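User: I am new to this structure and would be grateful for a close look at a single part of it, namely the place where the two chains meet. Please describe that part in one connected account, and then place it in its surroundings.

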Amino acid sequence: MADEIESIEVLELIEHELAQARESGLDPQHELFVAVRSAMTDDAEDFDGKAAAALATLLAYGSISSQEDLDRTLGDLAQRVEGLQGIRDVHYLGTGTLEYREISLREHLPREVEHQLTYEEREELEGFIATAFRQRTRGPDDEPGPQHGGPSP
Amino acid sequence: MMTIRKATVLKALQAAIDRVKNASASSCYAQGKAFELKVLARLLSDLRLHRYTLTCTPKAKNHLTFGGAPCRPNGAGHDCIHVRKGTENYEFWVSVQFTTLSYGLGAKGLSPTHSDLHEIDVGLFEPLTGPAYPSLKQVAFAASCKAGAWSKMFAREALGLRRELGLLAEPVTSRATWFVDAVPASPAIPLALFSGDPNCTTYRGSLEKLGLYVHYLKAN
C-alpha cells in the first residue's frame, strides 16, 4: 500500500522527527531520543527488530491513563470484589515533610488525552512489534515469519 | 522487511512527544499508581477464574485507601483485599515492605532497617495483624509494576528483589498456583514484573528459570 513504510524507513522517520523536536528547543525530548536508542539491539542488520523496539518505546511513552481509564479499572474491580461497588477513586497515603499527605489518584489523572492512539492503531503497532520480536527469536533454519504486522497473538 | 502505515507511526510519535512535553512529577506518580491498580485488577481477575472469593470493606465510602510509599501494614488506615478459597486465606496489600532473606539469615534480634526491608508493589500475604513488617513466611506472591518505557534496569532491580525473596532451588509447588504451578525458589514465592512497554516481552523466558515472570500489560 502507498502509505506503508518499511522498517528502515520507520527508523529514519523516528530519528528525523525526534531530531526536529529537539531542535525546537524542548529539552525533555532528549529523554525520548535516548529511550528509543537504548531499546534497540546492537544487531546492525536487524531493522525489523530495531523498528519494533523503537515503536514499542513510543507506545509505552504515549500510553497515558486518563480518568476514563480509571473508571474502567474501578469498574473491573467492582465486578470482581464484593464491597467495591460505588468506589470512584483511590487515595494514597504517604508521609510528607511535615505531615501525612493524602493524594487522590483521580485528581492527578487527565480528563482527556490528546493524540491518543485508536484501538486499531494500537493493534497495528502491537502486531508489528510482536511479529518482529518473534522473528528475532527464530534460528536461521526456522520457517520465516509473516512479512507484515498482523494482529497480536 | 516488514511494513507498517506511516500515519500510525507519526501518530505514535506525536503521542509520545506530547507525553514528554506534559510530564510533571505528580503526573508521573499518578501514571505509575494507575498502572499498579491495573495490575491489581488483572491479578484479581486471575484469582476469580480460579474460583477465589474476593472481598473488601473500604474505610471510606467512595474511595479505596492504599499506602502511597513503602510502608508497614496499616490495618487502621489502609485497605486490603481479602482472598479466600476453602482453608486458604490471604490479603492483597499495596506498597507493604517485607523483611528480606538476608535479614532472616543475619538479624540476630536486631530491628529491621533500610536494606533489611523491601517494598512489594502489589503483594499477596497471609493475613497481617498489627504493624509488624511481614516476613518471607507470610509472603505468597509478589508483583513489581513499571509504567512507562522499559529499561534493562527494571530486570536487574527485580533480580535483586528475587534474590531477597528466596534461594534458587529445584522447582517446587508454588505458593500461588493460580499464577504459576511451580517456582524454582525456596520458599516458592513467584515474583512477577509487569511493564506497560512491549519491549519487556524480549526479557521473557530465561528469567523464569530464576522465578522471575515478566509480563506486558497495556497501560490503557
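Predicted model: local features only at pLDDT ≥ 70, side-chain atom pairs only at ≥ 80, totals over all residues.

Analyst: The two chains are joined, among other things, by a pairing of strands: β1(A) and strand β1 of chain B, residues 3-5, run antiparallel and are linked by three bridges. Within this pairing, A:I5 has B:I4 of β1(B) as its bridge partner. In general terms, the strands of a sheet pair through backbone hydrogen bonds, and they do so either parallel or antiparallel.

The contact as a whole draws on 72 residues of chain A and 60 residues of chain B. On the side of chain A that touches chain B, the elements giving two or more residues are β1 (4-6), α1 (7-23), α2 (29-39), α3 (47-62), α4 (67-80), β2 (89-95) and α5 (119-136). Of these, α3(A) provides the largest share, with 11 residues. Sorted by class, this side of chain A holds 37 nonpolar, 19 polar and 16 charged residues.

One residue of chain B gives a detailed view of the meeting place. Apart from its neighbours within four places in sequence, B:A12 is in contact with A:L55, A:L58, A:L59, A:G62, A:L117 and A:L125. B:A12 also belongs to the largest nonpolar core, which has 99 residues. The members of this core that touch the most other members are A:A54, A:L55, B:A12, B:V122 and B:I189. Both domain 1 (7-64 + 117-136) and domain 2 (67-108) of chain A give residues to this core, so the core lies between them. In soluble globular proteins, nonpolar side chains tend to be buried together.

Chain A itself contains five helices and three strands, and from the N terminus on its elements follow the order β-α-α-α-α-β-β-α. Chain A has 153 residues, of which 35% count as buried. When contacts in chain A between residues at least 6 apart in sequence are considered, 48% of them join residues at least 24 apart.

A:H115 is found in the loop between β3 (100-104) and α5 of chain A. Although A:H115 is not a glycine, its phi is positive, at about 55 degrees. This residue has 16 other C-beta atoms within 10 Å and is therefore partly exposed.

Three bridges connect β2(B) with strand β4 of chain B, residues 81-85, and the two run antiparallel. Here B:T53 stands opposite B:R84 in β4(B). Further along, strand β5 of chain B (residues 88-99) and strand β6 of chain B (residues 117-125) run antiparallel and are joined by eight bridges. In that pairing, B:V94 stands opposite B:V122 in β6(B). The residue B:V122 leads back to the core, where it is one of the members that touch the most others. Next, β6(B) is joined by four bridges to strand β7 of chain B (residues 139-146), again antiparallel, and B:L124 stands opposite B:F141 in β7(B).

Two loops of chain B complete the account. B:R51 lies in the loop between α2 (25-49) and β2 (53-55) of chain B. Its phi is positive, at about 65 degrees, although B:R51 is not a glycine. B:R51 counts as exposed because 9 C-beta neighbours lie inside 10 Å. The other loop, between β9 (182-186) and β10 (191-195) of chain B, holds B:P187. The peptide bond from B:S186 to B:P187 is cis, with omega near 0 degrees.

Definitions and conventions: Residues numbered from 1 in each chain as written. Chains lettered and ligands numbered in written order. Contact = placed C-beta atoms within 7 Å. Nonpolar A, V, L, I, M, F, W, Y, C, P; charged D, E, K, R; others polar. Pairing = 2+ DSSP bridges. Core = buried A, V, L, I, M, F, W, Y, C linked by C-beta atoms within 7 Å. Buried ≥ 20, exposed ≤ 12 C-beta atoms within 10 Å, placed from the backbone. Domains from an automatic or database assignment.
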